Every structure is written in C-alpha cells, then in structure tokens.
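Please read the following report alongside the sequence and the coordinates.

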Amino acid sequence: MSAMAPMAASERGTASGAGRHSNDAYDRIAAYWNEHIHDLSVATQPAGSRGFFEELDAYRFDKLRYLPKLVDFGAFGGQSLLEVGCGVGIDLARFAGGGARVTGIDLAATSIELARTNLSQRGLTGELSVMNGEQMSFADSQFDMVYAHGALQYTADAARMAAEIHRVLKPGGTAIMMVYNRRSWLRFMSKTMGVGLEHEDSPFLRLFTRREFRSVLAPFRNVRIVPERFPVATKLHRGVKAVLYNGVFVGVFNLLPRPLVRWSGWHLMAFATK
Ligand SMILES: C[S@@+](CC[C@H](N)C(=O)[O-])C[C@H]1O[C@@H](n2cnc3c(N)ncnc32)[C@H](O)[C@@H]1O
C-alpha cells in the first residue's frame, strides 16, 4: 500500500466492450508503467543489476508466500508459456528456470528491456516483446499455458484481454490469472487507515468481486477462483500506522482460522481451462 492521489472517476475501470478505448489509453498505460515499474521502490541495488533482480524476487516471494504453493513454476518444462504483463520478468524467469519455453509481453518497453536482462543474467532464454495484451499478434491456440498475474486489473478493458488470452491458448490449455478483490481485508484497511492502494494512480485500476471476475472469464470453462494474499508485515511503510499494522493487525488477523477469512484474500487467483 502507498499513499497516492485518487483517480478521476471516468478512468476507473468499468465493464467495457472491445474497442471502447482509443490508442491514447494504451499510450498512457505504457507511459505510467515505464515510470512506475512494479516493486521498484523496494530495490536498493542499481536497476538491471543481478542484485536488483535477486532483491525483487526475494521481496515478491516473501510478500506472496502463497504463489509457489498455488503455481508450480517447475511444472511446465518443454511447454510454451506466455506471460501477459510480465513486468521485469520475475515470475517469467521462474517458469523459464523450470524449463518452460517462455514468451513475455508488456506494454512498457522499460520493463521488457529489464526482463530481457533478467533472463540473460540467469542464462535463460525467452521471447520478449512490447505488445498490447488486448490485441496480441500471436496465432490462435499457440500456447500451452498463459499467465497474467496482476495485469487484467490495470488494462483498459479486462474482458478484451481475457478474450485474447483465451484465443491464444491451446484447447485444453490452462490460464492462470490474478486480479484484486474489491471485498478484501486490504481494501478495508486501506480505507480505514487512509492509506492508498499500490498503483492507485495508474491510468486504469479495476477491482473485482468474484462474480465480476467470473463474468470477465466467460470464454473459459472450469474456472476456479481462489482468494489468497493475507497480511504480511509491510516493508514499504514507516511511522505509527506501519507499526500498528505490522505489530498488531498482521498478528491478530493471522490468528483467525483461514477458512473463515479466505473470502477476503486480496488476490483472486483464477485457474481456467480453454
Ligand atoms: C502490477 S504490474 C505486474 C507485473 C508483473 N506481472 C508482476 O506481477 O510483477 C502490471 C503490468 O501490466 C502491464 N500491462 C497493463 N496493461 C497491459 C496491456 N494492455 N498489455 C500488456 N501489458 C499491460 C503493465 O505495463 C505492468 O507491467
């Protein structure tokens, strides 16, 4: 969480039809994410250095402890895997390290350049391109698996991106996607403590109920949604609010039986089949 200015109401994501947004919308998304690379603020090492990527990986997998439990990064050996909105390629490198033939796309050229460096520094290979996930240049049914963690909520038209993910996935293939839960403990805390959501100032940010997420995923079959991402101590914030949050809220919340609070997980992880 970080304190940021609220968006104009007209720019908050809403249900929208394909093609509703002009090219300018995608230029603004690219411009924003070129400047605000995800998790960049936690890095102390120079961007693009080996230490930089190691720091981002360690930070991400400490914050998202659930991720390697739900996603087996080593299970796609030999398969073609596309990540939409790959950022600097932290997860993509894990898939590539597990033997997947990876392709990563993102609207932000800076991220794609860093993702390229990330893979090559680890001795891994992959195809990386600046491309709009709502209008991909890939053939139908090209990939065994498509992954989009934290991308659908930041694009102009989530339904259009989901339809594209479905189009490029092979029949029988799996897509794994994550969006933010509108009915989450984190949203509640953000409002109660007056601390804005991360990247709340991005050109588009849409929060979803489970039902809304399912409706965006209508082209898929066997959609399973798992709410995850429960409180862990923040390293991004300082001061009294952070002390209270880290010292009291995180501990008390995690004493609650998980089945009782699962509905409030901040990340709605979807596993869907074409
Ligand atoms: C919160 S970051 C997530 C990055 C990475 N997946 C991660 O989890 O660290 C959101 C990413 O989605 C990308 N993005 C947003 N809209 C996109 C679109 N229409 N096509 C491709 N990438 C997009 C942004 O450029 C940004 O890199």
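## Helices H7 and H9

Helix H7 passes helix H9 in a right-handed crossing, a crossing being right-handed if the near helix is turned clockwise from the far one by less than a right angle, and left-handed if anticlockwise. The contact (heavy atoms within 4.5 Å) is made by Trp185, Met189 and Met193 of H7 together with Lys241, Tyr245, Phe249 and Phe253 of H9. The two axes come within 13 Å and cross at roughly 145°, where axes are lines fitted to C-alpha atoms, for helices over the stretch in contact, and angles run from 0 to 180 degrees between N-to-C directions. Helices (H or I, at least four residues) and strands (E, at least two) are DSSP runs, numbered from the N terminus.

This is a predicted model, in which local features need pLDDT of at least 70 and side-chain atom pairs count only at pLDDT 80 or more, while totals for chains, interfaces and linings use all residues. Residues are numbered from 1 along each chain as its sequence is written, and side-chain values use heavy atoms, with hydrogens and water left out.

H9 covers residues 240–253, and its 14 residues reach 18 Å from the first C-alpha to the last, close to the 20 Å expected at 1.5 Å a residue; the expected span is 1.5 Å times one less than the number of residues. A kink of about 30° is centred on Asn246, the bend at a residue being the angle between axes fitted to the seven residues ending there and the seven starting there.

Ala242, Tyr245, Phe249, Val250 and Phe253 of H9 are buried (under 20% relative accessible area, with exposed over 50% and partly exposed in between, for a 1.4 Å probe and protein chains only). These buried residues pack against H7 (185–193) and helix H10 (258–261).

Seven strands form an open sheet of mixed pairing, in the order E3-E2-E1-E4-E5-E7-E6; two strands pair if DSSP finds at least two bridges between them. Strand E3 (126–130) and strand E6 (221–228) stand at the edges with a single partner strand each, so one side of each is left without a neighbour in the sheet. From one strand to the next, the twist averages 15°.

Within this sheet, strand E1 (residues 80–84) and strand E4 (residues 143–149) pair in the parallel sense over three bridges, and Leu81 stands opposite Met145 in E4. Helix H6 (residues 158–168) packs on the sheet, touching E1, E4 and strand E5 (169–180), and its direction makes about 150° with that of E5. H6 is mostly covered, with eight of its eleven residues buried; what covers these buried residues includes helix H1 (23–35), E1, E4, E5 and helix H8 (210–216).

Asp62 lies in helix H2 (residues 50–63) and is partly exposed, with a relative accessible area of 26%. Leaving aside neighbours within four places in sequence, Asp62 is in contact with Val232 and Lys235. Asp62 and Ala242 are 180 residues apart in sequence and 17 Å apart in space, C-alpha to C-alpha.

Ser264 is found in the loop between H10 and strand E7 (267–273), and at 3% relative accessibility Ser264 counts as buried. Not counting residues up to four places away in sequence, Ser264 touches Asn181, Arg183, Ser184, Trp185, Phe230 and Phe253.
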